[in-house]
Amino acid sequence: MTVANDIQYAYAVARIRAIERRLLDRGKIDRMVDAKSPEEAFKILVDADYGYSAGEVSSAFEYETLLREEQKKVYKLLKEIAPQPEIFNLFLEKNDFHNAKVILKSEFLGREFDDILMDAGTIPASKLKIMIKDRNMTGMPSTMRKAIEESIDTFNRTGDPQSIDLILDSATYTHMKEIAERSQVKFLMDLVKVFIDLTNIKTFLRVKRLKKSWDFLNKILIPGGRIDFKVFIEYLETPLEGFIEALKYTPYGAFCEEGIIDYQNTGSLTKLEKLTDNYVIQFIKKAKYVAFGIEPLVAYLMAKENEIKIVRIIMVGKINNISNEIIRERLREAYV
Amino acid sequence: MAIIRVNPTRMELTRLKKRLVVARRGHKLLKDKRDELMRQFLDLVRKNKELREKVEEMLMKVHSNFLIARAVMSSEILEEALMFPKQKVSLEVSTKNVMSVDVPVLDFKTQSDDQSNIYPYGFANTSGELDGAIATLSEVLPHMLELAQMEKSAQLLAEEIEKTRRRVNALEYVLIPQLTETIKYITMKLDENERGNLTRLMKVKDMMIEQARQAMAH
């Protein structure tokens, strides 16, 4: 795959710059958090032109529909305007892997779970279902095929549903990395590395909390990040201070220290998860200064996904009467 | 008080007296049983209340954890994560006899003993908040089963207490008074007969003396 000339991106970037303004900014998010009722918060979403059926969805409780539509809308737009739409498969693949997990688990459970399939993948869910059912997976990327074959095999041997998730999760990132490398875009390669590292850090802490063996950790860490596996394995049995020290000279040092200390004090990963998401947003903010190239498009996609996350936190909070402080504690930074 | 319609005979009287003795003894036994049941029931209810409060508090915690986990993950991912449970629990129900009431005893076994082996999902897409919710939920399960066992026992005991109390009352306020009344009635009737008999005899005696006297006069 050759990289498109940056100039080819001129139109796409211009388009993104125009719609970027419509992302929810701090002020709007604050207004949503301060809304007295779910309906009030929902109205701000409708005003921001969320989804396709904003006018028809009348109840604030159907916010998920709107979020799903909005996501679809973003993918559709990007595929339309990007000179190399296949690069965005990088971000869509994870939906395929999600669908694969659902399909495999449904098959092993002998029950249908079609309502939790996502339709934003690169392979339509119905097609994927037939492929897996017939064990005829020639049409899918080889990483995915191998992962699916491996998880079928592992499940048949162990009967452990977790192994399906673990194998496919790992394959998701491996595949993302492959696409990024094929595209030769440094920004994407770096971004995927950041994803892998952050996922590994979070996984490490959770595995440590569950007191699992390093053998298990070794199996579920995702290869290809900047942080070496050795670091994780070394600090699994030792106090977290050493781990913080080890991360200090990585780009994640600053926020990891804050997040891990908070985790030690509260026993909850809330803060760290938020900080990792913020780090990604900080990372993609670089794209703001790129005039031509794929960066602004990717940044817009990530910003939108982040925004959807923010909106979901607020809506769940509003509907369930969670106090504004708890909502705010979990809110991620906005892109704009 | 109504009396039982019986023939006021001596045989009947003996029979009724025997019944009365049995009824009195039964009454005393049932009363003891009721008191003991009451004691056990009150104990159980007190424990039950404590446990229920604890379980409810834990469930509230689980609920709020889930809510937060739900807020940071999309519903599809959350459902996918939980669709295939890893841990299997088998439940055995046997019964235990408490004061002739068969209360259930729930005994459960988890398939794997490793407490860290209950998470059926991968870690890359799920939030750490979900771990907390699942852990609390698995912690609360034994308590919930215990609570179920206790509440069912309390319910069964309460039923038994009510039944026993009804029996005690029936004996105390119906059967025993009835028997005493009837016995009294028969005794009176028999005494009456006795007196009648006596008077008759005396009369006959008088008449015979009279006859004898007249015969002597002749």
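Which residues does A:Ile313 touch, not counting residues up to four places away in sequence? Keep that question in mind while the ground rules are set out.

This is a predicted model, in which local features need pLDDT of at least 70 and side-chain atom pairs count only at pLDDT 80 or more, while totals for chains, interfaces and linings use all residues. Residues are numbered from 1 along each chain as its sequence is written, chains are lettered from A and ligands numbered from 1 in the order in which they are written, and side-chain values use heavy atoms, with hydrogens and water left out.

**First stop: A:Ile313**

Select A:Ile313, which is found in helix α15 of chain A; helices here are DSSP runs (H or I, at least four residues), numbered from the N terminus. The residues that A:Ile313 touches, beyond those up to four places away in sequence, are A:Ile327, A:Arg330, A:Leu331, A:Arg332, B:Ala71 and B:Val72, where contact means heavy atoms within 4.5 Å. A:Ile313 has a relative accessible area of 3% and is therefore buried, a word used for values under 20%, with exposed meaning over 50% and partly exposed in between (1.4 Å probe, protein chains only).

**Second stop: helix α1 of chain A**

Move to residues 10-20 of chain A, which form helix α1, and colour its buried residues: A:Ala12, A:Val13, A:Ile16, A:Ile19 and A:Glu20. Looking down the axis of α1(A), you will find these buried residues within an arc of 135 degrees, so they line one face of the helix; the arc is that of the directions from the helix axis to the C-beta atoms. An α-helix has 3.6 residues a turn, so residues three or four places apart point the same way. Among the elements that cover the buried residues of α1(A) are α4 (63-81) and α15 (295-319) of chain A.

Next, select A:Phe204, A:Phe232, A:Tyr235 and A:Phe243, which form one aromatic cluster. A search of the whole structure finds 14 aromatic pairs over all chains, a pair being rings of Phe, Tyr or Trp (its six-membered ring) with centres within 6.5 Å, called stacked if the planes are under 30 degrees apart, edge-to-face if over 60 and tilted for the rest. A:Phe204 and A:Phe232 make a tilted pair, with 5.5 Å from centre to centre and 45 degrees between the planes. This pair links distant parts of the chain, since A:Phe204 is in helix α9 (residues 186-209) and A:Phe232 is in helix α11 (residues 229-235) of chain A, 28 residues apart. A:Phe204 is buried, with a relative accessible area of 0%, and A:Phe232 also counts as buried at 0%.

Most residues other than glycine have a negative phi. A:Arg135, in the loop between α6 (125-133) and α7 (142-158) of chain A, has a positive phi of about 55 degrees although it is not a glycine. A:Gln184, in the loop between α8 (161-183) and α9 of chain A, is not a glycine either and has a positive phi of about 65 degrees. A:Arg135 is partly exposed at 37% relative accessible area, and A:Gln184 counts as exposed at 54%.

**Last stop: B:Ile77**

Finally, select B:Ile77 in helix α2 (residues 75-82) of chain B. Leaving aside its neighbours within four places in sequence, B:Ile77 is in contact with A:His98, A:Met118 and B:Asn125.

Conventions:
Helices (H or I, at least four residues) and strands (E, at least two) are DSSP runs, numbered from the N terminus.
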